[in-house]
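Take a look at the chain below. We will walk through it step by step, from single residues to the whole fold.

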Amino acid sequence: MPYIAWHPRTRRPLVVLTRSGPCARVRLVHSEVPFEVPVGELEHYPWAADPHAPPGFVAVLLDTPQAVREGDWVVVVGCARRVRALAPYSAGSRLLELEGYGKWVLAAPRVAYRRPSAGGQGP
């Protein structure tokens, strides 16, 4: 099962597809092109290394815009903002009302932050 990890060297979240020995096969959130990085370079969420993660929240990959929930946090213009309301938009996109920002269209896979569930999230 893919999960999100923080890559401090590039300061980006990565989708970890598989881990094998000293390497992990990963991809950027908005890309389908996989590449490899050393496992030791990855940090698991939630860690203070991610400047966008609100305290007490874990990163989740929203595979589709429909996976976003009220109360999630998404990064827009370099700042994490809480989703106050959401509505359908064109072609499967979602229109989000973000606290302190206004309306914004979520149209692609993205990392969001949400409180951990009882079942847990991550590797």
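Which residue forms a salt bridge with aspartate 72? The partner is arginine 114, and the closest N and O atoms of the pair are 2.6 Å apart. A salt bridge is a side-chain nitrogen of Lys or Arg within 4 Å of a carboxyl oxygen of Asp or Glu. This pair links distant parts of the chain: arginine 114 sits in strand β11 (residues 110-114), aspartate 72 in the loop between β6 (58-62) and β7, 42 residues apart. Arginine 114 is buried, because its relative accessible area is 13%. Aspartate 72 is buried too, at 2%. Buried means under 20% relative accessible area, exposed means over 50%, and partly exposed lies in between (1.4 Å probe, protein chains only).

A word on the numbers. This is a predicted model, where local features need pLDDT of at least 70 and side-chain atom pairs count only at pLDDT 80 or more, while totals for chains, interfaces and linings use all residues. Residues are numbered from 1 along each chain as its sequence is written, and side-chain values use heavy atoms, with hydrogens and water left out.

Now step back to the whole chain. The chain has 11 strands and zero helices. Both come from DSSP runs, numbered from the N terminus: helices are H or I with at least four residues, strands are E with at least two. Of the 123 residues in the chain, 37% are buried. Take contacts between residues at least 6 apart in sequence: 44% of them join residues at least 24 apart. Contact means heavy atoms within 4.5 Å.

How many salt bridges does a search of the whole structure find? The search finds three. One of them pairs glutamate 41 with arginine 9, with 2.9 Å between the closest N and O atoms. This pair also links distant parts of the chain: glutamate 41 is in the loop between β4 (35-38) and β5 (43-44), arginine 9 in the loop between β1 and β2, 32 residues apart. Glutamate 41 counts as partly exposed because its relative accessibility is 26%. Arginine 9, at 60%, counts as exposed.

Another salt bridge joins glutamate 99 to arginine 82, the closest N and O atoms being 2.7 Å apart. Glutamate 99 lies in the loop between β9 and β10 (102-106) and arginine 82 in strand β8, so the pair ties together parts that are 17 residues apart in sequence. Glutamate 99 is partly exposed at 34%, and arginine 82 is partly exposed at 28%.

Next, follow strand β8 and its neighbors. Two strands pair if DSSP finds at least two bridges between them. Strand β7 (residues 73-76) and β8 run antiparallel and are joined by four bridges. Here valine 74 has arginine 81 in β8 as its bridge partner. The hairpin of β7 and β8 has two residues between the strands, and valine 77 takes a positive phi near 55 degrees. On to strand β9 (residues 94-98): five bridges join it to β8, again antiparallel. Valine 83 has leucine 98 in β9 as its bridge partner.

(Lys and Arg count as positive, Asp and Glu as negative; His and the chain ends are not counted.) A polar atom of the arginine 81 side chain does lie 3.5 Å from the backbone oxygen of valine 76. Not counting residues up to four places away in sequence, arginine 81 touches several residues, including Asp72, Trp73, Leu98 and Tyr101.

Turn now to the loops. Most residues other than glycine have a negative phi, and most peptide bonds are trans. Alanine 91 is not a glycine, but has a positive phi of about 50 degrees. Alanine 91 lies in the loop between β8 and β9 and is exposed, because its relative accessible area is 85%. Arginine 11 also has a positive phi, about 55 degrees. Arginine 11 is found in the loop between β1 and β2 (12-20), and at 54% relative accessibility counts as exposed.

Finish at histidine 7, in strand β1 (residues 3-7). Histidine 7 counts as buried because its relative accessibility is 2%. Among the residues that histidine 7 touches are Arg12, Val37 and Glu41, not counting those up to four places away in sequence.

Definitions and conventions. Polar contact = N/O pair within 3.5 Å; in protein donor to acceptor, adjacent residues only side chain to side chain.
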